[in-house]
Amino acid sequence: MARSFFSRLEGNSRGCLAFEPFFLIPYSMFATYATLYMYQLGISETNIGWITTISLIFQVFSSFISGYLTDRMGRKKALLYFDIFSWSVATLVWAVSQNFWFFLVAAIINGFQRVPATSFYCLLVEDTKPGDRTYIFTLLQIIGVIGGLFAPLGGLLVYEYGLVSGMRIMYVIAFVLMTFQFIGRHLTTRETEMGYRKMKETRELGLKQSLVDYSGAIHDILQSKGLLLIFSVYILFNFQTTLKTTYLSLYLADYLHIDDGIISLVPAISSLIMLLTLWLLTPRIPESAVYRSMMAGFALSVVSNIMLVFGPVNSLIWIGISTILAAIGMMISSPYLETAVANAIDDEKRAKIFSMLSVLILLFTSPAGIIGGWAYTLDPRIPIWLITGAFVGSYLLILMYRQSVKRIRVV
């Protein structure tokens, strides 16, 4: 099955995706418990929010310079160097963290992850045909889903060694596997043709003029109603992801009183449902129904989160149904949203437009951590309501975008 999936891939897309499990598997193991790890080490809900927000602020900065660094250094070098710095080094700091200041340092280091994010995005899609990008993003989603199946391994470590010691082991494992991925991917990919061109152009322009040129990408985005709408959906999607990643595990453990070991089953169940959705449902979605599929996915996500708010405490069945609906909703919306964003950006401007899009995303999502922390202290259900509101907004924006596309086609 894996061979048939990868047989259609060529060049950089094959090299990028082949090593991706070595990142996603350890990430899925520790991500579930990251907030609880901080909580167990005495970090308050509000300080957890501050750590998340500060990390996002540094991500804004790294997003702004990511386009320039990706063009200046080349896709491959920027990807290798900043992945090792923002992830390999950060996991080591997390592994030995003792208090707020350790987590703050790790958050700042990890905040530079936006540079390799832009580089990876360019390396993955630039030498591929637009028609193949949906397949690539779907396969990337599948790899992420399979990685989520390994989350219970983190639960086993927590069960065997306790939350804090188990997390320290997970972070060390993440350091080893992620570093292997970064080096392996670097050795099996090549610089893109656009990358060589941009390296030359950036050297000729210089730093100041290049940054001015990248700032002008904001103007390009604002001039296009279609880009504004689809980017707004992307921003809301990232906003809810930040809140959900930071507070869902805490909500399940602290408010719904779910055992720490059982919480690791949530991403595993989610991953299994996503795989079934990819196998049984996604192939049946015609190209003409892409926008309806995204809207249906957002609607299911709304229902899923409402269930978490109104469901009975400590009900595994209720949480299981909510997890299943969320997984289906994610799978029938996320790959199509990623493809819509990728195809909306011209290759010539990809690095700078994507870096500015990342800036816009982070400007709107940076307050998510502190807002979520403050809201959680008032009522643990409020962050879940904020996530629900983001999906409702996404549904309405996709409806507007769909109508806008129809008008363009008629004209």
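A crossing of two helices is right-handed if the near helix is turned clockwise from the far one by less than a right angle. By that criterion, helices α3 and α9 cross in a right-handed manner. The structure described here is a predicted model.

- Helix α3 spans residues 21-31 and is mostly covered, with 8 of its 11 residues buried.
- The buried positions of α3 are F23, L24, I25, P26, S28, M29, F30 and A31.
- These buried residues pack against α4, α6 (75-95), α9, α10 (151-161) and α11 (163-188).
- Two packed helices are described by the angle between their axes and the distance between the axes.
- For α3 and α9, the angle is about 40° and the axes are 8 Å apart.
- The two helices, α3 and α9, are therefore oblique to each other.
- On the α3 side the contact involves P21, L24, I25 and S28, which meet I143, G144, G147 and G148 of α9.
- By class, the residues of this contact comprise 4 nonpolar, 4 polar and no charged.

**Helices α9 and α20**

- Helix α9 (residues 133-148) also packs with helix α20 (residues 334-344); their axes come within 9 Å and cross at roughly 140°.
- The crossing of α9 and α20 is right-handed.
- Helix α9 contributes R133, T134, F137, T138 and Q141 to the contact, while α20 contributes S334, P335, E338, T339, A342 and N343.
- The contact of α9 with α20 consists of 3 nonpolar, 6 polar and 2 charged residues.

**Helices α15 and α18**

- The axes of α15 and helix α18 (residues 290-310) come within 13 Å and cross at roughly 25°.
- At this angle α15 counts as roughly parallel to α18.
- The crossing of α15 and α18 is left-handed.
- V233, F237, L248, Y251 and L252 of α15 make the contact with F298, L308 and V309 of α18.
- This contact of α15 with α18 has 8 nonpolar residues, with no polar and no charged ones.

**Aromatic pairs**

- The whole structure holds 22 aromatic pairs.
- A pair of aromatic rings is described by the distance of the centres and the angle of the planes.
- The ring centres of Y37 and F103 are 5.6 Å apart and the planes stand at 80°, so this pair is edge-to-face.
- Because Y37 lies in helix α4 (residues 34-40) and F103 in helix α7 (residues 100-110), the pair ties together parts that are 66 residues apart in sequence.
- Y37 and F103 are both buried.
- Y247 and Y376 form a stacked pair, with 5.9 Å centre to centre and 20° between the planes.
- Y247 belongs to helix α15 and Y376 to helix α21, so this pair ties together parts that are 129 residues apart in sequence.
- Y247 counts as buried at 2% relative accessibility, and Y376 counts as buried at 3%.
- Ring pairs also link F23, Y27, F30, Y37, W87, W94, F103 and Y171 into a cluster.

- V359 lies in helix α21 (residues 350-378).
- With a relative accessible area of 9%, V359 falls under the 20% cut-off and is therefore buried.
- Leaving aside neighbours within four places in sequence, V359 is in contact with V60, S63 and F64.
- Q59 is 300 residues from V359 in sequence, and the two are 7.9 Å apart in space, C-alpha to C-alpha.
- S249 lies in helix α15 (residues 225-255).
- S249 has 10% relative accessibility and therefore counts as buried.
- Not counting residues up to four places away in sequence, S249 touches T32, L36 and I263.

**A loop residue with positive phi**

- Most residues other than glycine have a negative phi.
- H257, which is not a glycine, has a positive phi of about 60°.
- H257 lies in the loop between α15 and α16 (260-263).

Technical notes: Residues are numbered from 1 along each chain as its sequence is written. This is a predicted model: local features need pLDDT of at least 70, side-chain atom pairs count only at pLDDT 80 or more; totals for chains, interfaces and linings use all residues. Side-chain values use heavy atoms; hydrogens and water are left out. Helices (H or I, at least four residues) and strands (E, at least two) are DSSP runs, numbered from the N terminus. Buried means under 20% relative accessible area, exposed over 50%, partly exposed in between (1.4 Å probe, protein chains only). Contact means heavy atoms within 4.5 Å. Axes are lines fitted to C-alpha atoms, for helices over the stretch in contact, and angles run from 0 to 180 degrees between N-to-C directions. Ala, Val, Leu, Ile, Met, Phe, Trp, Tyr, Cys and Pro count as nonpolar, Asp, Glu, Lys and Arg as charged, and the others, Gly among them, as polar. Rings of Phe, Tyr and Trp (its six-membered ring) pair if their centres lie within 6.5 Å; planes under 30 degrees apart count as stacked, over 60 as edge-to-face and the rest as tilted. Angles under 35 degrees count as roughly parallel, over 145 as roughly antiparallel, 65 to 115 as roughly perpendicular and the rest as oblique.
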